[in-house]
Amino acid sequence: MIVLGIETSCDETSAAIVKDGQKVLSNEVASSLEFHKRYGGVIPEIASRIQLETITKITESAVKKARIKLKDIDLISVTNRPGLLGSLLVGISFAKSLSLALDRPLLGIDHVYSHFYANFLDSKRIELPFMALVVSGGHTSIFHVHDFNKIELLGETKDDACGEAFDKVAKILGLGYPGGPLIEKMAKLGNPKKIKLNCSGSRDDFNFSFSGIKTAILYLTRGRRISLKEKRDICASFQETVIDVLVRKTLAACRLKKSSRLLLGGGVVANNRLREKFILAQKSHKLDLYFPQKSLCMDNAAMVAGLGYQLFKKGYHSDLSLTVELN
Ligand code: KG4
Ligand code: ZN
């Protein structure tokens, strides 16, 4: 079965062709990042305008690269939640018009769930059930996934998402946007033990809070010149503290659910230190650990097409009344 995936939940415009939920025939991603950089974050109005201009070209390119024809598409799978309202609407409207024109079924997909589905792409065989940690610019959530339509949320961030905290700390330190890769680069040259930071939250639940650590760094640096060495130490300490809490809470959730199969997903999972620390935990806790290749950690439509295939097989589909679900 050939599925066209469409993803426009934030600043990316992506279209992908995936066969039978696993084989990625094409996965085209265009980012409007360069237009947002000067503002230090994504401007929704700019994102949706560029998506409107890009979506047709990106889809044509995905179809061409997959060496298929539009008529070969069996299903159109599109992100309809959560994300930026205008951006989501561009993707949904495009998917609906294509569904009508080609007379093919349509399915709205949850972006956060599609992040852990990225692990299934390119023929990895993973058994259900499993635990999943999604860490992105918009979400930090731990799930117990019984099946693709039976997903239990165990914990999530109560304020900033983890990637958002990386972006805000980078902004405070004047590093640029997006902050994750920039902090990771600085952290490599810093001492993670130099500055004591904390974001451990409650010991009794699986929720996260990242706004306190961001504010602590704001107060630590406010009104004075910070040397390069100190910036590196702050980045290293911040990164280590945040990753430690992600690992600790995720392992606790795995213990509670007596599950050793763990899938990671989302932009922050591109972080090498995070990968290292989960690999260490894999050894000590005998985890069956999966993370996607780095390009599939970021927003992309292949994961949307893949999850769409699984849900369609279970009998799910949307109709032309499909619209944005904000929560
Ligand atoms: O999943 P994603 O592409 O978009 C959302 O769904 O939000 O994630 C983007 C987030 C940004 O906050 C970015 O700073 C973060 O992922 N990120 C990283 C790294 N690469 C991207 N965070 C930490 N380390 C990285 N190497
Ligand atoms: Zn995402």
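Guide: Helices here are DSSP runs of H or I with at least four residues, and they are numbered from the N terminus. Please note that this is a predicted model.

Visitor: Which helices each supply at least two residues of the shell around ligand 1?
Guide: The shell draws on several helices, and the criterion is a supply of at least two residues from each.

Visitor: Which element gives the largest share of the shell around ligand 1?
Guide: The shell around ligand 1 divides into seven nonpolar, 11 polar and three charged residues. Four residues of the shell come from one element, and this largest share belongs to helix 6.

Visitor: Which residue has a polar side-chain atom 2.8 Å from a nitrogen atom of ligand 1?
Guide: Of the 21 residues around the ligand, G137, D167, E184, G267 and N271 come nearest. D167 places a polar side-chain atom 2.7 Å from an oxygen atom of ligand 1, and a polar backbone atom of G163 is 3.1 Å from an oxygen atom of the ligand. The contact with a nitrogen atom, at 2.8 Å, is made by a polar side-chain atom of E184.

Visitor: How much of the accessible area of ligand 1 does the protein cover?
Guide: The space that ligand 1 takes is the largest pocket. On its own the ligand has 550 Å² of accessible area, of which the protein covers 91%.

Visitor: Where is the proline that a cis peptide bond joins to Y177?
Guide: A cis peptide bond with omega of about -5° joins L128 and P129, and P129 lies in the loop between helix 4 and strand 6 (130–135). Y177 is joined by a cis peptide bond to P178, with omega of about -5°. P178 is located in the loop between helix 5 and helix 6.

Key. Residues are numbered from 1 along each chain as its sequence is written. Chains are lettered from A and ligands numbered from 1 in the order in which they are written. This is a predicted model: local features need pLDDT of at least 70, side-chain atom pairs count only at pLDDT 80 or more; totals for chains, interfaces and linings use all residues. Side-chain values use heavy atoms; hydrogens and water are left out. A residue is near a molecule or strand if one of its heavy atoms lies within 4 Å of it. A polar contact is a pair of N or O atoms within 3.5 Å; within protein, one must be able to donate a hydrogen and the other to accept it, and residues adjacent in sequence count only if both atoms are side-chain atoms. Accessible areas come from the Shrake-Rupley method with a 1.4 Å probe; for residues, only the protein chains shown count as cover. On a 1 Å grid over the protein atoms alone, a cavity is a set of points where a 1.4 Å probe fits but cannot get out, and a pocket is an open set with protein on both sides within 12 Å along at least five of seven lines; lining residues have an atom within 4 Å of a point. A molecule sits in a cavity or pocket if more than half of its atoms lie within 2 Å of its grid points. Ala, Val, Leu, Ile, Met, Phe, Trp, Tyr, Cys and Pro count as nonpolar, Asp, Glu, Lys and Arg as charged, and the others, Gly among them, as polar.
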